[in-house]
Structure formats: structure tokens, C-alpha cells
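User: Could you help me read this structure? I would like to take it one residue at a time.

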Amino acid sequence: MLERATGVPPEKLVEAHGSFPGQSCIRCHTAYPADRMKRHLLPGSVPQCETCAMLMKPNIVFFEESRGSFI
């Protein structure tokens with residue numbers, strides 16, 4: 001996110017593994033607002049999707065995520 005912070009235009013960025021500005025449900029992919037994510041993460045709670053009650057996460061790829069370790 002350093003590139004974003006310095007003002008590089010979004011159309012010039014290539015974020016190969018995703019980025020933290022967006023977050024969504026790991027099951028139904030419903031978008032989740034960044035301000036609400038921060039309110040959960042700062043005290044250490046885990047946000048849940050209002051649609052399907054599954055976990056929300058940043059729109060990034062975590063190490064070994066493809067193995068299904070989040071579901």
C-alpha cells in the first residue's frame with residue numbers, strides 16, 4: 001500500500017496478491033466497508049458477514065489460502 005500512499009494512480013498499480021483497501025466475505029464475497037473492518041480489528045475481534053455469517057478478510061491472498069484453511 002506504499003504506492004497508494006505516495007499517490008500512484010490506481011490504474012498504474014498492479015497488486016498481484018490483492019490489496020488491503022478492500023475486504024469481503026470468504027464465502028459469498030459480499031463487500032465489507034473499510035471503516036467497519038478497522039473497528040473490529042483494532043480491539044482484536046473478527047468481523048462476520050451479515051449475509052451468511054462467515055468470516056470477512058482483506059482482498060488479499062494469504063500464504064496457503066488455496067488449501068482451504070479459512071473455511
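User: Where is C52?

Analyst: C52 lies in the loop between α2 and β3; helices (H or I, at least four residues) and strands (E, at least two) are DSSP runs, numbered from the N terminus. The model is predicted, so local features need pLDDT of at least 70 and side-chain atom pairs count only at pLDDT 80 or more, while totals for chains, interfaces and linings use all residues. Residues are numbered from 1 along each chain as its sequence is written, and side-chain values use heavy atoms, with hydrogens and water left out.

User: Is C52 buried, partly exposed or exposed?

Analyst: C52 counts as partly exposed because its relative accessibility is 23%; buried means under 20% relative accessible area, exposed over 50%, and partly exposed in between (1.4 Å probe, protein chains only).

User: And what is C52 in contact with?

Analyst: Leaving aside neighbours within four places in sequence, C52 is in contact with C25, R27 and C28. Contact means heavy atoms within 4.5 Å.

User: Which residues does UniProt list as "binding site"?

Analyst: The unreviewed UniProt entry places that feature at C25, C28, C49 and C52. These residues are spread over 28 residues of sequence, yet they cluster in space, with a largest C-alpha distance of 8.5 Å. UniProt positions are given in the numbering used here, feature names are shortened, and annotations may be inferred rather than shown by experiment.

User: Why does C49 count as buried?

Analyst: C49 counts as buried because its relative accessibility is 5%. Beyond its neighbours within four places in sequence, C49 is in contact with C25, C28, T30, M54 and M56.
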